[in-house]
2 protein chains.
Amino acid sequence: MHIPIILLIRPQMGENIGAVARAMGNFGLSELRIVAPRDGWPNPQAEAVAGHALPILQAARIFPDVVSAMQDIARAYATTARSRDVEKRVVIPETAIQEITQSSVGQGGKIALVFGPERTGLTNEDMSWCDSIVTIPTTEYASLNLAQSVVVMGYEWFKQSLGESGLESERSDTLIPAPIEQYDQFFRKLEGYLDAAEFFKVPEKKPGMWLNIKNMLLRGRFTEQEIRTMHGIIRALSETKSPS
Amino acid sequence: MHIPIILLIRPQMGENIGAVARAMGNFGLSELRIVAPRDGWPNPQAEAVAGHALPILQAARIFPDVVSAMQDIARAYATTARSRDVEKRVVIPETAIQEITQSSVGQGGKIALVFGPERTGLTNEDMSWCDSIVTIPTTEYASLNLAQSVVVMGYEWFKQSLGESGLESERSDTLIPAPIEQYDQFFRKLEGYLDAAEFFKVPEKKPGMWLNIKNMLLRGRFTEQEIRTMHGIIRALSETKSPS
């Protein structure tokens, strides 16, 4: 699978470069290239922000211009908030990442996600080296910063590269629902207590009410321990008087 | 369609609160609630960062604690990086947002995305008021900051709310969860009865036990009618003797 390269064009603030490296680390991206960073390189502010991602920053390669940075790139996506007068196809991040994860670009060919300077974004000249434009869908107030844009692209990449595997759990592993047998015992006990308390005032209504109560208590699927707790609760309540 | 509320619990830095508002503005989220902001409110640093999103910040509602902030919330997702020893289901952002956009929670019931303090994250007590945990998939170096986490959730929401427009939801369940306010009243009542019944025999163990009980009873998300039934049950049990 292709792991996209993050390519920053003329970034300005060191903090932002460090935050980009950090965002990359979250999502398993490791190759950073930087074209003509405004404040030179290495950049202490960038290093101060990078945290765990310092190795990503230290391994970053610096280039004087876009063309030299893209020598081995076989496909490039220009990330920009606005659609401009550039004759390129425009895709959303999900589509771009689908194309990257399913790409048939050969072994040698690398794929880059390209980000422009903080204030001005990518120029038409920068974008001329890219195949497609990726636009993160936002309201008219598009104000994602550089690292946040990398977060969105990295999130999509990590999500899709993981696929469906093991990301979710209906519950934590310890939450094993009690078998119906135990629910049944608990319901019998509860019904006995409720009958004794004359909870069901109108006998004809009891079957429907009792069904509703069983439904609502089953819905959360208590564990065995929780069923024991419920036994304890109804026993404690039934053996004492009301508090007030 | 439900537009989720962003609920920040005990946020620390004003800049981060401002950045959250800004992230919200990008993705069409407008309702911000804040529980006990460390540096008070209003917060000049937050306003300095907010930019276009200043109106979101100015309309933010401040609450002293989680329960008061969640009074009208019918479903809440706790955003946390690590899975903890909390008995909750865990979903990825995509699933959480699918559930929100397709939810049939009634008009009055609101949905919240809940975020903890920058350093420490949500406590188990905070999470006890939430139905599910949302974990943004990352590598082991999970270091997304507060605003970046809001960016990911906002991005998923905006993407899906755009995409789903005009699609009919397939589910139409008639079970409308009661808002937290009613759960809170019920829990207070139950706690009073249990204290009076000396249910918590070992005082040091009460906080953990009580948290477990609240978690298990919240899990099935009772409706308003069901909460009334629960009141009736515990009242009936408490006012009578054991049947045998």
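Visitor: Where is A:Arg10 found?
Guide: In this predicted model, A:Arg10 is found in the loop between strand 1 (5–9) and helix 1 of chain A.

Visitor: And what is phi of A:Arg10 near?
Guide: Phi of A:Arg10 is near 45°, which is a positive value in a residue other than glycine. As background, most residues other than glycine have a negative phi, and most peptide bonds are trans.

Visitor: On peptide bonds, then, what is the one from A:Trp41 to A:Pro42, cis or trans?
Guide: The bond from A:Trp41 to A:Pro42 is cis, with omega near -5°, and A:Pro42 sits in the loop between strand 2 and helix 2 (44–50) of chain A.

Visitor: What about B:Trp41 to B:Pro42, cis or trans?
Guide: That peptide bond, from B:Trp41 to B:Pro42, is cis, with omega near 0°, and the place of B:Pro42 is in the loop between strand 2 (32–35) and helix 2 (44–50) of chain B.

Visitor: Before going on, what mean pLDDT does chain A have?
Guide: The mean pLDDT of chain A is 86, with 87% of its residues reaching 70 or more. For the complex, the predictor gives an ipTM of 0.75 and a pTM of 0.79.

Visitor: New topic: at what angle do helix 8 and helix 10 of chain A pack?
Guide: Helix 8 of chain A and helix 10 (residues 224–238) of chain A pack at about 10°, with their axes 10 Å apart. Angles under 35 degrees count as roughly parallel, and the two helices are therefore roughly parallel to each other.

Visitor: Which residues of the two meet?
Guide: Among those on the helix 8 side of chain A are A:Tyr183, A:Phe186 and A:Leu190, and among those they meet in helix 10 of chain A are A:Ile227, A:Met230 and A:Ile234. The residues of this contact divide into seven nonpolar, four polar and three charged.

Visitor: How do the axes of helix 8 and helix 9 of chain A cross?
Guide: The axes of helix 8 (residues 180–196) of chain A and helix 9 (residues 206–219) of chain A come within 11 Å and cross at roughly 135°, which makes helix 8 of chain A oblique to helix 9 of chain A. The crossing of these two helices of chain A is right-handed.

Visitor: How do the residues of that contact divide?
Guide: The contact of helix 8 with helix 9 of chain A divides into 10 nonpolar, no polar and four charged residues.

Visitor: Where do A:Phe27 and A:Tyr155 lie?
Guide: A:Phe27 lies in the loop between helix 1 (14–26) and strand 2 (32–35) of chain A, and A:Tyr155 lies in helix 7 (residues 146–162) of chain A, so the pair ties together parts that are 128 residues apart in sequence.

Terms used:
Residues numbered from 1 in each chain as written. Chains lettered and ligands numbered in written order. Predicted model: local features only at pLDDT ≥ 70, side-chain atom pairs only at ≥ 80, totals over all residues. Heavy atoms only, no water. Axes fitted to C-alpha atoms, helices over the stretch in contact; angles between N-to-C directions. Helix = DSSP H or I, 4+ residues; strand = E, 2+ residues; numbered from the N terminus. Parallel < 35°, antiparallel > 145°, perpendicular 65-115°, else oblique. Left-handed = near helix turned anticlockwise from the far one by under 90°. Nonpolar A, V, L, I, M, F, W, Y, C, P; charged D, E, K, R; others polar. pLDDT = per-residue confidence, 0-100. Contact = heavy atoms within 4.5 Å.
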